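Have a look at the model, then read on.

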Amino acid sequence: MPPQRLPTLPLTIRVKLFAAMRQRLGRDEVDVEVPAPADVGALRAALAAQFPHLSDLLSHSLFAVGMEYAADSTRLEPNLDVACIPPVSGG
Amino acid sequence: MIELVQIPIDPAAVLARVQSLAAGAVVLFLGTTREITGSRRTASLDYECYPEMARAKLAELEAAARGQWPLVECCLVHRLGRLELGEISVAIAVSAPHRREAFAASEWLIDELKKVVPIWKQENWADGSSEWKGRPPDHGAKA
């Protein structure tokens, strides 16, 4: 018998938003559905699809997973905080 | 030590935290709200941060500076919220046995803070418009 494939449920990622991103969306976090298993690149694409008017800002933003800057290939885990980090300007 | 504060930064208190009999040099850097940028006039600045990550990154910077230079004490304080002209947005104080490491560490700390700590400022211009500042990250992305 061929192995049974379990249907993969989409992952809902809660993304913290700051600065220009927070202001443009008018809220400080947003839930985004991505097919599992998902990485930061998939999340970036899903956000851009859901909010086309953010795509310019998204292309200049980083993501943090578990409070570390993440590459697009970083895997998303349900228990780690995810944040969109637009260009920083402390100091 | 590191701190994110909503109230005005007292530079004398920051200095007092790093002064030590083991130190022959103390350097204090203050970032302050500038009125004129190019031809534009600023009315105020608003700072916000990702608090948990900003604390984690500031602590990493302190640890890295202590690893690189023989610091006696190191204190990083960043202000948040609305700042009026001339107010202090950031204070960095380090003490070390000799001046060269104190200068080098404080310069490195402010440079890195501006690159990696998730803090954002919104410039409120005197003409009534507002703008989030920030350069795209160094690695990979072109400005």
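Is A:F18 buried or exposed?

1. A:F18 is buried, at a relative accessible area of 8%; buried means under 20%, exposed over 50% and partly exposed in between, with a 1.4 Å probe and protein chains only. Keep in mind that this is a predicted model, where local features need pLDDT of at least 70, side-chain atom pairs count only at pLDDT 80 or more, and totals for chains, interfaces and linings use all residues. Residues are numbered from 1 along each chain as its sequence is written, chains are lettered from A and ligands numbered from 1 in the order written, and side-chain values use heavy atoms, leaving out hydrogens and water.

2. Over all chains there are three aromatic pairs (Phe, Tyr or six-membered Trp rings with centres within 6.5 Å; stacked is under 30 degrees between planes, edge-to-face over 60, tilted the rest). A:F18 and B:W120 make a stacked one, 4.9 Å centre to centre with 10° between the planes. That pair crosses between chains, from the loop between β1 and α1 (19–25) of chain A to strand β8 (residues 119–125) of chain B. B:W120 is buried too, at 1%, and ring pairs link A:F18, B:Y50 and B:W120 into a cluster.

3. Now helix α2 (residues 40–50) of chain A: its buried residues are A:V40, A:L43, A:R44, A:A46 and A:L47. They sit on the same side of α2(A) because they cover an arc of only 165° around the axis, taken from the directions from the helix axis to the C-beta atoms. Helices here are DSSP runs of H or I, at least four residues, and strands are runs of E, at least two, numbered from the N terminus.
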